[in-house]
Structure formats: structure tokens, C-alpha cells
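Me: I would like to learn how to read the features of a protein model, one step at a time. Could you give me the general idea each time and then the case at hand?

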Amino acid sequence: MKKKPEVGKLIFDLAAFLVSSARGCLDEPPAYASFRLLEALERIIELQSKLPCVGENSFMEKLRSEVEKNKFLVLRDPEGFKAFLDRLLREVAREALKRG
């Protein structure tokens with residue numbers, strides 16, 4: 001059975017990822033910044049699912065799944081990646097309206 005990472009480790013790993021991403025963004029193509037932000041989003045959703053006060057959230061899990069399936073479009077289909085981000089933004093905006 002795979003041991004679940006501790007919340008503290010997930011937070012540290014996210015912080016380390018964000019610091020390395022901030023540095024990487026200085027030298028990488030601009031579109032990679034969007035990829036890195038989506039990777040951070042996936043990590044935040046994973047972290048959320050480990051917090052007892054929050055737990056899993058079906059919308060967030062669906063969002064994570066969509067990101068996981070589509071984030072590499074940035075490398076092979078930049079226009080498709082842009083369309084994916086536009087669609088994702090609409091979904092998040094609709095959810096925000098529902099949540100008030």
C-alpha cells in the first residue's frame with residue numbers, strides 16, 4: 001500500500017516547485033509559465049484533498065483531471081492549449097458564480 005504524503009511535505013514540495021518555477025520562468029518560453037501555473041494548481045488540489053477540514057471536492061478533482069489530460073498541449077498544440085485554458089476559465093467562472 002502506497003503511503004500518503006504528509007501535508008507538511010506537500011506544502012514544502014509546492015513551495016520548492018514555485019521557487020524553481022519563478023527562476024525557470026526567467027529563461028523559458030513565455031508559454032511555459034502557464035504550464036507551471038497549471039502544475040501548481042494540480043499540486044494545490046492534491047494538497048486540498050489531504051486536509052481534513054476541506055477534503056475532496058468533486059469540482060476541484062474534475063479540474064485536476066482536465067489539467068492533467070491537457071497541460072502538455074502547450075508543447076504540441078499551442079492554439080489547442082489556449083482554447084483549453086479559455087474553456088477551463090469559463091468552467092471556473094461558472095463555479096465561482098455558483099459558490100457566490
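Reply: Let us start with burial: a residue is called buried under 20% relative accessible area, exposed over 50%, and partly exposed in between, with a 1.4 Å probe and protein chains only. The structure is a predicted model, in which local features need pLDDT of at least 70 and side-chain atom pairs count only at pLDDT 80 or more, while totals for chains, interfaces and linings use all residues. Residues are numbered from 1 along each chain as its sequence is written, and side-chain values use heavy atoms, with hydrogens and water left out.

Me: Which residues are buried in α1?

Reply: Helices are DSSP runs of H or I with at least four residues, numbered from the N terminus. In α1, the buried residues are Leu-10, Leu-14, Phe-17, Ser-21 and Gly-24, and the buried residues of this helix pack against α2, where contact means heavy atoms within 4.5 Å.

Me: How many residues does helix α1 have, and what span does it reach from its first C-alpha to its last?

Reply: The expected span of a helix is 1.5 Å times one less than its number of residues. Helix α1 (residues 7–27) has 21 residues and reaches 31 Å, which is close to the expected 30 Å.

Me: How is a pair of aromatic rings described?

Reply: Such a pair is described by the distance of the centres and the angle of the planes. Rings of Phe, Tyr and Trp (its six-membered ring) pair if their centres lie within 6.5 Å, and planes under 30 degrees apart count as stacked, over 60 as edge-to-face and the rest as tilted. The structure holds two aromatic pairs. One of them is the tilted pair of Phe-35 and Phe-72, with 5.3 Å centre to centre and 50 degrees between the planes. This pair links distant parts of the chain, since Phe-35 lies in helix α2 and Phe-72 in the loop between α3 and α4, 37 residues apart. Phe-72 is partly exposed, at 40% relative accessible area.

Me: What is the geometry of the pair formed by Phe-81 and Phe-84?

Reply: Phe-81 and Phe-84 are also tilted, at 6.5 Å centre to centre and 40 degrees between the planes. Because they are three residues apart in helix α5, about one helical turn separates them.

Me: Is Asn-70 buried or exposed?

Reply: Asn-70 has a relative accessible area of 17%, so it is buried. Leaving out residues up to four places away in sequence, Asn-70 touches Phe-81, Phe-84 and Arg-87.

Terms used
Helices (H or I, at least four residues) and strands (E, at least two) are DSSP runs, numbered from the N terminus.
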